[in-house]
Amino acid sequence: MGKQGINIVWFRRDLRLEDNLAVSHAIESGLPVLFVYNFEDETIERKEHDLRHFRFIFQSLLDINRKLSKHGHEVLIVKEDSDSLFLSLLEKFEIKTVFSHFELGLDFVRRRRKRLSGFFKEHNIKWVEFPSNGIKDLLPSREGWLAQWNDYVNQPIVTFPGFAFESVPVQGLSKNFGFVDKEFTGHAKQFQPGGEGRAKVVLQSFLRERGKFYLDSIPYPEKSRRGCSRLGPYLSYGCISLRQVYQAVSEAAKNPELAKNMNQYKLRLYWRSHYMQKLASEPEIEKRAINPALEDLDRGYDPELFNAWAKGETGFPMIDASIRCLEQTGYLNFRLRAMLVTFATYTLWQDWRPVADRLASLFLDYEPGIHYGQIQAQAGLSGYQTLRVFNPMAQSEKYDRYGNFLRKWLPELDPLPSGLIHRPWKLTPKEQEQYGVIVGKDYPKPVVDYDISTRIAKEHYWRLRARDEVTDYLETLWHKHVAPEKIPAYRRELNSPYMD
Ligand SMILES: Cc1cc2nc3c(=O)[nH]c(=O)nc-3n(C[C@H](O)[C@H](O)[C@H](O)COP(=O)(O)OP(=O)(O)OC[C@H]3O[C@@H](n4cnc5c(N)ncnc54)[C@H](O)[C@@H]3O)c2cc1C
């Protein structure tokens, strides 16, 4: 008897049933469908990944399975490398087509994609990969990109075709199947839980209530946790599609009370794809400066300084509170993310790559395209964007005046009054005694002198950035990554002074 002919939905960063072209095409193909998600050791072992990501993915898969199982279907969840997974499936089935979405990732994801593409060709398997997030792989220029992106986000949402289809039972497919790291199944209360259902709840609460405060809350460490959409992880793992969010927000923007906030929000959805497109167009920027002439900034790696930053033990309260908050919740607003990067790459003069890995492992919404592009932008590696080093004391004095955020994540500083909490190293011996906070014992002394280190770093950076090689490369960089109509303005701004 011949092998059973099947089609496969290979879930990647598209963990949803609705507006999922891979799912709908597979169901409509008429052949039995096998839904698959595989956790791979190659990914699990990477520095930029953390248990928090796998837990979120696992929760999202369980959510899909909850819906499917009522109708006798199930996603096969395995811990197995893609190559061996597809090989073992091939022993049992005649795989006609694999449906998936393009996964934007780092070099190891690209290499896997290339390997699989060869394997599928060799075995006469058709691989249909749908685009995601409005980005295109290896795009040479941004000519016409915005118009295509607008078309993409406005295309009709694809409805789930319903549950009346034949699926491949997953039970007993192999002894390896069904085994998933027990840790992935745990629940961590302070982290947003994964799932398509949860994504919709978060979106609705943003559109109905929280979105009214969006712009006002963005810069504040505490307020942003409620006033920002918090859709990041759901977008990153595809529990909801960019198109679904964009169209729902466009609808909400018709309400004059919400229009200003929602239009600003839509702009950020555009930035999202804009950054992702950078990595898709130039995968090398995972490892080298987007302006190669700035590759020779001699930023180093000092394990002591780096670890103090990475563990939140620098002696600068806003830096330490931000890291500890990330460790425990996976979320921080844009401003504090940028501050962490500029502190590490300017004030501590550390190389951006380990900084990027550490933060990726902390952000629940880690999305490689946005992440590496933003890290490079904040570390000043383009050679044309405004140099902005975020002063941690100024940030907390302005956006956390009474130190509520600092007190929450650094309880050791809680006894200090608001006027003293932002710069504990300025406490006199008498004050240290009075409040029971001994600097160097209860809380670290600053690892560097902020003003001196930052000034030296900026001067050094500026000297290197002002070199001809850096400006000579800009036309190439803009051609690849910037909309042609914006380039003249960038040329004009080239010599603008740097700011704090
Ligand atoms: C160094 C650094 C690294 C970052 N890494 C990531 C990352 O890995 N994943 C990620 O989703 N965002 C990243 N961001 C962008 C931004 O900080 C987060 O998207 C945002 O804080 C997430 O909160 P939210 O979902 O409530 O966002 P909202 O403010 O509600 O925005 C909605 C969505 O728009 C997109 N977005 C918002 N701001 C930006 C921006 N400045 N650039 C690009 N896209 C944006 C995100 O997809 C976000 O979820 C990074 C920013 C910096 C400075």
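## Close-up views of the ligand site and a domain interface

**View 1. Arginine 272 reaches the ligand with its side chain.** One of its polar side-chain atoms lies 3.0 Å from an oxygen atom of the ligand. That is a polar contact (a pair of N or O atoms within 3.5 Å; within protein, one must be able to donate a hydrogen and the other to accept it, and residues adjacent in sequence count only if both atoms are side-chain atoms). This is a predicted model: local features need pLDDT of at least 70, side-chain atom pairs count only at pLDDT 80 or more, and totals for chains, interfaces and linings use all residues. Residues are numbered from 1 along each chain as its sequence is written, and side-chain values use heavy atoms, leaving out hydrogens and water.

**View 2. The ligand is surrounded by 27 residues.** The closest are Tyr214, Ser229, Arg230, Asp365 and Glu367.

**View 3. A salt bridge joins glutamate 367 and arginine 13.** Their closest N and O atoms are 3.6 Å apart. The rule asks for a side-chain nitrogen of Lys or Arg within 4 Å of a carboxyl oxygen of Asp or Glu. The count between domain 1 and domain 3 is one salt bridge.

**View 4. Domain 1 touches domain 3.** Eleven residues of domain 1 contact 14 residues of domain 3, with heavy atoms within 4.5 Å.

Definitions and conventions
Near = heavy atom within 4 Å.
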